[in-house]
Amino acid sequence: MAMENEKDNELFEEQQEVAVDTSDEQDLLDEVLEELSGNEKSPKSTPKKEKKPFDTRRLKAGSMAMGLTVIVVAAVFLFNLVVGLVEKRFPLILDTTAQQLYTLTDEFKDFASGIDKETTVTVCLPETELTNPQIGVEAFDNTYKQLHSALEHLNRLSDGKVTVKYLDLSADPTAATEMAKLNATEGSILFTCGSLSRVTSLTEDYTNYGMQELYNYYYSYGSMPEIQSMVEHTLAVNLHAVTADKSTTATLLIGHKEEASTISLLTALFKQQGYAVEQVDITTAATFAADSRLAVIAAPNEDYTDDEITALRTWLANGDNYERHLLYFPVTTCATPKLDTFVADTYGITVTNAVSIQENPTNRPQNTGSYALYFSYAETQATAFTEGGARVRTALNRILQKSDKAVGTVSPLYLFPEGTKQQDVLSETAEAVATADKNAAGAMIAKNIVNGHDSYAMVFGSATYLQFFDSDPENEDLILQVVNGVLDNKEALNLPGRAVTGSNLFNVGSMSTAWVLFTLFVLILPLGTLAICLVVFIKRRHL
């Protein structure tokens, strides 16, 4: 048994040696095959690497960042498109001024949106003169900036009907020649629509005090008045004048030594309401404008002749069609009996030789000097065109009375307080006489109806009444109510002015909302979003 076990062990050992040799041969064969295939032999001891599963977190993070970027950019694009359309229809202004200097009023917006004719506004200055004015007077600098802001929005408000352009006439002689044909020079603003045109002055027409008026006021009183911007009013009035279906001309009759200041005040008054204004020398029998409906006799210092009165009567009759009217300011320094008789006989208003005297200090303005007695406050009366109850200021006011020859209705426009006296200024003994008749008035309106046609006469007893437009706005309000009512000027514009000093301006006020939104949503927000997405994407890659 022992011998058999030894033989078995020897046999097992021989088999193991053979197996080892066979393994070595197999390894050698494998090495040869790998060399022939171009692959290096991996060490036997190196374990085979396991294939990791695909990490989807990075893909999701990158996809989310990319998707978020696309969504944000698309949203910004659509938002800007919508804002652009809305801003074109409803222009907005980012206004940081205390007085809301660059914020357009609803009245102006409504007016501008109603313009339905192709109109051009030509500013005869480089645009920088409005965006960066160097006048040196705060009120004018601010007004010019406000004007530029309003002009910027006119095109959008009018749905493209109003075009604004700037011309540097000093650098373009050809343009200067063309503008001169329309009475526009450097510093003018020209409004044109078809064959109609109106010219305004940048320095004189866009504030309640023009530059020249301001200098005169300063040298007279040693101080500066409150200056208000009239930008919206002036733009609206002149745009209306050239786009209205019909225009009305006010004819100022001259030739009888009328005061230049009176003519100037009346001219400005009518232009501010959109009327065309002409001056006609009645002494030469010149014809009136075809569309004239109002003749204005402005305090003549000489009486009219019979021929001149006949010419005036003929024009007012209009071939028995009438619808033409008279505005008369008698003078206090001389008698005009023929003219006064014509007014009394035709319209029933008598202009007496007396002026009002106000002895009660409470019924007259303060600081009126040696002429204090001739100054007075009067109360407006309700008529078809006026509400009444306002207080107007006047001086050297002729006393008016209703004539016995009145054929139509005659109504007072303003009356003096009880106790007012009258003084005959045309007699050699200018003494105060009896208390004024309670029916006497400082201004009257008469209405005649002939063959179904109206003809009005408005008589204000003092041209000095016009001098108080600035200090007493009720004066201007009254005359505008009456004149616009008589001429049936329902589209009369009277947009309020606004203060342009002490604005504490932070000069982004003229930036439109479109620019602000463009900067915010096209530049800041997209770039910020891209930056955030990029940071998120980079950090996700290292997770």
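**Close-up views of a predicted model**

**View 1. A nonpolar patch sits on the surface, made of Tyr215, Tyr218, Tyr219 and Met224.** Together these residues have about 490 Å² of accessible area, a value from the Shrake-Rupley method with a 1.4 Å probe, where for residues only the protein chains shown count as cover. To join a patch, a residue needs over 30% relative accessible area and no salt bridge; nonpolar side chains (Val, Leu, Ile, Met, Phe, Trp, Tyr) are joined within 5 Å, and like charges within 9 Å. A salt bridge here is a side-chain nitrogen of Lys or Arg within 4 Å of a carboxyl oxygen of Asp or Glu. Look for Tyr219 in helix H7, residues 211-221. Tyr219 is exposed, at 70% relative accessible area (exposed is over 50%, buried is under 20%, partly exposed is in between, with a 1.4 Å probe and protein chains only).

A word on the model: it is predicted, so local features need pLDDT of at least 70 and side-chain atom pairs count only at pLDDT 80 or more, while totals for chains, interfaces and linings use all residues. Residues are numbered from 1 along each chain as its sequence is written, and side-chain values use heavy atoms, leaving out hydrogens and water.

**View 2. Asn318 and its positive phi.** Asn318 isn't a glycine, yet its phi is positive, near 55°. You'll find Asn318 in the loop that runs between helix H10 (306-317) and strand S9 (325-329). Helices (H or I, at least four residues) and strands (E, at least two) are DSSP runs, numbered from the N terminus. Asn318 is partly exposed, with a relative accessible area of 25%.

**View 3. Asp320, in the loop between H10 and S9.** Asp320 is another residue other than glycine with a positive phi, this one near 65°. Its relative accessible area is 43%, so Asp320 counts as partly exposed.

View 4. A search of the whole structure turns up zero disulfides, a disulfide being a pair of cysteine sulfur atoms within 2.5 Å.

**View 5. Stepping back to the whole protein.** There are 13 helices and 19 strands to find your way around. Of the 543 residues, 42% count as buried. The protein exposes about 30000 Å², and carbon and sulfur atoms supply 54% of that. Take the contacts (heavy atoms within 4.5 Å) between residues at least 6 apart in sequence: 72% of them join residues at least 24 apart.
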